[in-house]
Amino acid sequence: MMDQEIELLCGIYRAFNARDIDGVLVALHDDVKWANAMEGGHVRGHDAVRDYWTRQWSIVSPHVEPVGFRQAEDGAMIAEVRQTIRDLEGNPLEGQTHGLKDKTVGHVFHFRDGKVTRFDVQDAV
């Protein structure tokens, strides 16, 4: 099970980095609860995730690279991820007002029936 989840997550990261929103949404439960790392809180469902990422990608150019995976005690999968955030021209950000910046974070994924039902971001441990 863990290997299938890791493979699914690697596909999500590849699709996200390629800006293939449909390639990501196919791996998410219809009623997914997704962390809004830019403004705080969560968005819910495919349309809200699409709107959130479309808005984010119009402001910044993020890249996320998983560097490790582990299973949490509650069964969630935690990906240690190096996120790099650039402006739309590919330059490092300066003076941004949103919460996105270059750092290593933990992405916490909960699954049901082979799809992601919840996504949260935590500080990397």
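Modeller: The radius of gyration used here is taken over C-alpha atoms, and the globule rule is 2.2 Å times the number of residues to the power 0.38. The model discussed below is a predicted one.

Biologist: What radius of gyration does the chain have, and does it agree or disagree with that of a compact globule?
Modeller: Along its principal axes, the C-alpha trace of the chain spans about 40 × 30 × 25 Å. For 125 residues, a compact globule would have a radius of gyration near 14 Å, and the chain agrees with this, since its own value is 14 Å.

Biologist: In what order do the elements of the chain run from the N terminus on?
Modeller: The chain has 3 helices and 6 strands. Helix H1 covers residues 2-17, and helix H2 covers residues 21-25, while strand E1 covers residues 28-35. Read from the N terminus on, the elements run α-α-β-β-α-β-β-β-β.

Biologist: Is Gln 83 buried or exposed, and at what relative accessibility?
Modeller: Gln 83 is found in strand E4, which covers residues 77-86. Not counting residues up to four places away in sequence, Gln 83 touches His 63, Val 64, Lys 101, Asp 102, Lys 103 and Val 105. Since buried means under 20% relative accessible area, Gln 83 counts as buried, its relative accessibility being 8%.

Biologist: Which helices hold the two partners of the salt bridge between Asp 22 and Arg 50?
Modeller: A search of the whole structure finds 5 salt bridges, and in the one between Asp 22 and Arg 50 the closest N and O atoms are 2.6 Å apart. The two partners are 28 residues apart in sequence, so the pair ties together separate parts of the chain, with Asp 22 in helix H2 and Arg 50 in helix H3. Asp 22 is partly exposed at 48%, and Arg 50 is partly exposed at 29%. The helices asked for are therefore H2 and H3.

Biologist: Which residue meets Glu 39 in a salt bridge?
Modeller: The N to O distance in this salt bridge is 2.7 Å. The pair links distant parts of the chain, 16 residues apart, with Glu 39 in the loop between E1 and strand E2 and its partner in helix H3.

Biologist: What is the relative accessible area of Asp 120, the partner of Arg 118 in a salt bridge?
Modeller: The side chains of Asp 120 and Arg 118 meet at 2.5 Å, N to O. Arg 118 is partly exposed, with a relative accessible area of 28%. Asp 120 is buried because its relative accessible area is 15%.

Biologist: Where is Asp 113, which has a positive phi although it is not a glycine?
Modeller: Asp 113 has a phi of about 55°, and it counts as exposed because its relative accessibility is 73%. Arg 19 also has a positive phi without being a glycine, of about 60°, and its place is in the loop between helix H1 and H2. Asp 113, for its part, is found in the loop between strand E5 and strand E6.

Biologist: How far apart are the mean positions of the positive and negative charges of the chain?
Modeller: The accessible surface of the chain comes to about 6,900 Å², and 47% of it belongs to carbon and sulfur atoms. The chain carries 14 positive and 21 negative charges, and the distance between their mean positions is 3 Å.

Terms used:
Residues numbered from 1 in each chain as written. Predicted model: local features only at pLDDT ≥ 70, side-chain atom pairs only at ≥ 80, totals over all residues. Heavy atoms only, no water. Helix = DSSP H or I, 4+ residues; strand = E, 2+ residues; numbered from the N terminus. Salt bridge = Lys/Arg side-chain N within 4 Å of Asp/Glu carboxyl O. Buried < 20%, exposed > 50% of the residue type's maximum accessible area, 1.4 Å probe, protein only. Areas by Shrake-Rupley, 256 points an atom, 1.4 Å probe, with all protein chains shown as cover. Lys, Arg positive; Asp, Glu negative; His and termini not counted. Charge placed at Lys NZ, Arg CZ, Asp CG, Glu CD. Contact = heavy atoms within 4.5 Å.
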